[in-house]
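Please keep the sequence and the model in view while reading.

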Amino acid sequence: MMRGRSDGAQSKRLLTSVCIGAVFLVFLYVYFGSNSAGESALEYGSRSLRKLGSSYLSGDEDSDLGGKQDESSFKFGLDDGEDGIVAKSFPVCDDRHSELIPCLDRHLIYQMRLKLDLSLMEHYERHCPLPERRYNCLIPPPAGYKIPIKWPKSRDEVWKANIPHTHLAHEKSDQNWMVVKGDKINFPGGGTHFHYGAGKYIASMANMLNFSKDNLNNEGRLRTVLDVGCGVASFGAYLLKSDIIAMSLAPNDVHQNQIQFALERGIPAFLGVLGTKRLPYPSRSFELAHCSRCRIDWLQRDGLLLLELDRLLRPGGYFAYSSPEAYAQDEEDLRIWREMSALVERMCWRIAAKRNQTVIWQKPLTNDCYLEREPGTHPPMCRSDDDPDAVWGVAMEACITPYSDQDHKTRGSGLAPWPARLTSPPPRLADFGYSSEMFEKNTELWRRRVENYWNLLSPKISSNTLRNVMDMKANLGSFAAALKDKDVWVMNVIPEDGPKTLKIVYDRGLIGTTHNWCEAFSTYPRTYDLLHAWTVFSDIEKKGCSGEDLLLEMDRILRPTGFIIIRDKQSVIEFVKKYLPALHWDAVATADSTSEPDQEGDEVVFVIQKKLWLTSESFRDTE
C-alpha cells in the first residue's frame with residue numbers, strides 16, 4: 001500500500017512538472033513567437049505581456065527592454081552580407097501613452113525637475129527627452145479605435161473612441177464647442193465668442209472691413225491666418241469655405257486635446273504657445289492674426305507677445321481681437337483697453353474697424369510711421385543684425401521688425417491674389433538667389449512627381465482617403481502646390497538648419513513650420529494620413545541621428561492605414577525595408593530611376609502603408 005501511494009505521488013509530481021513545462025513553453029511561444037517578423041498585427045499583445053521601452057516614466061534606466069541597439073546598425077549603406085542588428089519587433093508602449101507627445105510631455109518636465117517659469121508659459125514649450133530617455137516602443141491606439149471619419153463629414157463629427165475626452169463638451173456646453181452624441185462627438189461650429197457659429201462671425205468680420213460680398217478672403221488678397229488660442233479650431237474650419245487656410249494654434253493646456261480634436265476633424269492645426277520662444281514661422285507670413293477670448297495678457301513684458309504677432313503679420317495685415325477689453329466698461333477692462341490702445345499706437349497700428357465685442361487693428365504698409373516716431377519711443381526697432389526669420393529655439397524680442405526696402409517701396413508684400421499666388425514667383429525668391437525660371441521648373445518637376453506618386457497610390461486610395469498630409473522636407477512647397485486639386489491640406493516642414501525657405505511656402509498661400517527631425521514633432525499620435533519624406537533620412541544620417549528613432553516617430557504621427565512616401569537613396573530604402581515587419585508596415589510600391597524620368601542621382605521612391613493593429617483590450621472593445 002505504501003509503495004502504491006508513493007508511485008502515485010511520483011506520477012502526480014511528474015504530471016505536474018510536465019504541465020508546468022508545457023505552460024512555460026506556451027508562454028515562450030506567445031512572448032516571442034507572436035511578435036516575430038511577418039506577424040499579422042490585428043491583435044497585438046495583451047496587458048499582461050505588454051512591454052514598455054526604457055523611458056523616463058519607467059524609472060528603469062538600466063533595463064534594455066526596448067532599449068537602443070548599437071547605433072552602428074542604423075547607418076545607411078551597409079554592403080550586402082553586412083546586415084546590421086535589426087529588431088524583429090518593437091515593444092508596445094503602455095496604454096497610458098496612447099497620446100504621447102515626447103517633446104510636450106508634462107511627466108518629462110516633472111521627472112527632469114526643470115526649473116520653468118509657469119507665468120511665462122515655459123512649461124508649454126518644447127522640452128525633448130535625451131536619447132537615453134526616449135521611448136523605443138509603438139504607440140498603441142486607444143480602446144475601440146476606428147478609422148477616422150472622412151472629410152468633409154469629419155469637420156462636424158468624429159468617433160468618440162478615437163479621442164475619448166468629453167470634458168470640453170461639458171465645460172463649454174453653453175458655447176457650442178462640441179456635443180457628445182452616442183459614439184460620436186459633434187462640432188456645431190461654436191466658440192467662446194461665437195456661440196451661434198463661426199460662419200456668421202467670419203462674415204461679420206468681413207463686413208466690418210467692407211470686403212466684397214462679406215467674404216473675408218477679400219478677392220484672394222487674404223489667404224493665410226494665424227488663429228491663436230484656437231480651441232477645437234472651428235474658426236479655421238469655416239475659413240476653408242472662403243479659400244482661407246489658418247494655422248490654428250493652441251498649447252496642450254487645461255483644455256487638453258483641443259488640437260487633437262482639430263486634426264481628427266481634418267483641420268490644419270499645430271501645438272504651440274506664445275511663451276518665451278518665437279513661434280516656428282517666418283516673418284511676414286500671415287494676412288490676419290485672430291484671438292477670440294484667447295486668455296493672453298498682451299501687455300506683459302513690454303508687449304512682447306503682441307510684438308511677436310507684429311513680426312508674423314504681412315504689411316497691412318490685420319489683428320482681430322474679440323475680448324471683454326474691447327467692449328466692457330468695468331474699471332479693470334477699461335485700464336487694459338487704454339494701455340493696449342497706447343501700445344499698438346506706438347507700434348503704428350491703427351483701428352481698421354470696431355463693432356460690438358470685436359476690434360480689428362491694421363499694421364502699416366510701409367516704414368514711414370516707424371521713421372516718424374520720437375527718439376526713445378518704446379517698443380524700439382529691432383537691431384539691424386536681427387534675423388526675423390530665425391525661429392528655431394530663438395527667444396522673442398520686444399522690438400518692431402521693420403520692412404525690407406523692397407516691401408517699403410512696393411507698399412506691401414507684392415503677392416498675387418489666391419489662387420494665382422500658388423504658382424506665381426514671390427518677390428522673396430530673390431533672398432535665396434532663385435530666379436523665376438528656377439521656381440517654375442521646380443513647380444513643374446514636383447507636379448510630375450506627384451502625378452507619379454498618385455499612380456503608385458491609386459490601387460489603394462480613393463478621392464477621400466487622404467486629408468492631413470505632411471511634407472517632411474518641403475523646400476519651396478512645390479509638392480503641396482501640386483496637390484491643389486486634391487481635397488487635402490499640407491503641413492510643409494522646413495529643416496531648422498537649412499535655407500529658410502518657409503517664407504516662400506507662406507508666400508505661395510500655403511502653411512508650414514520649422515522642425516529638426518532628430519526630435520519628435522509637435523503633434524499628437526495618429527494625426528496625419530500621408531507623410532512625404534524626401535531625403536529626410538539622408539539628412540539626419542549626416543547629423544548622426546538615429547534612423548530607427550525617425551521611423552518610430554513617423555509611425556507615431558501616422559494614422560492607421562495611412563501612407564508614407566520615401567524618396568531617398570537605395571541604401572535608405574533597404575534600411576527601411578528591414579523594419580517593415582517590426583513596425584507593421586506593408587510595402588505598396590517601389591519606383592526606380594528607370595520608371596520615373598525626373599529622378600535625381602540614385603533616388604528611389606518607396607511607398608508604404610501602415611496597418612491597423614489593436615491591443616487585445618482594444619480589439620475586444622471593438623467587437
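Cys382 and Cys399 form a disulfide (a pair of cysteine sulfur atoms within 2.5 Å), and their sulfur atoms are 2.0 Å apart. The torsion about the S-S bond of Cys382 and Cys399 is about 90°, so this disulfide is right-handed. The link joins distant parts of the chain, 17 residues apart, with Cys382 and Cys399 each in the loop between helix H9 (368-372) and helix H10 (405-410). Helices (H or I, at least four residues) and strands (E, at least two) are DSSP runs, numbered from the N terminus. Both cysteines, Cys382 and Cys399, are buried; buried means under 20% relative accessible area, exposed over 50%, and partly exposed in between, with a 1.4 Å probe and protein chains only.

The model is predicted: local features need pLDDT of at least 70 and side-chain atom pairs count only at pLDDT 80 or more, whereas totals for chains, interfaces and linings use all residues. Residues are numbered from 1 along each chain as its sequence is written, and side-chain values use heavy atoms, with hydrogens and water left out.

By the distance rule, the count comes to six disulfides. One of them is formed by Cys103 and Cys128, with sulfur atoms 2.1 Å apart. With 115° about the S-S bond, this link of Cys103 and Cys128 is right-handed. Cys103 lies in the loop between helix H1 (2-33) and helix H2 (106-112), and Cys128 in the loop between H2 and S1, so the pair ties together parts that are 25 residues apart in sequence. Cys103 counts as buried because its relative accessibility is 2%, while Cys128, at 24%, counts as partly exposed.

Attention now turns to the strands. Strand S4 (residues 224-228) is mostly covered, as five of its five residues are buried. In a regular strand the side chains alternate between the two faces of the sheet. From S4, Thr224, Leu226 and Val228 point one way and Val225 and Asp227 the other way.

Two strands pair if DSSP finds at least two bridges between them. S4 pairs with strand S5 (residues 245-250) in the parallel sense over five bridges, and the bridge partner of Leu226 in S5 is Met247. S4 also pairs with strand S7 (residues 286-292) in the parallel sense, over four bridges; there, Cys291 is the bridge partner of Val228.

A further sheet, open and made of three strands, has the order S1-S3-S2 with antiparallel pairing. Its edge strands are S1 (157-159) and S2 (179-181), each pairing on one side only.
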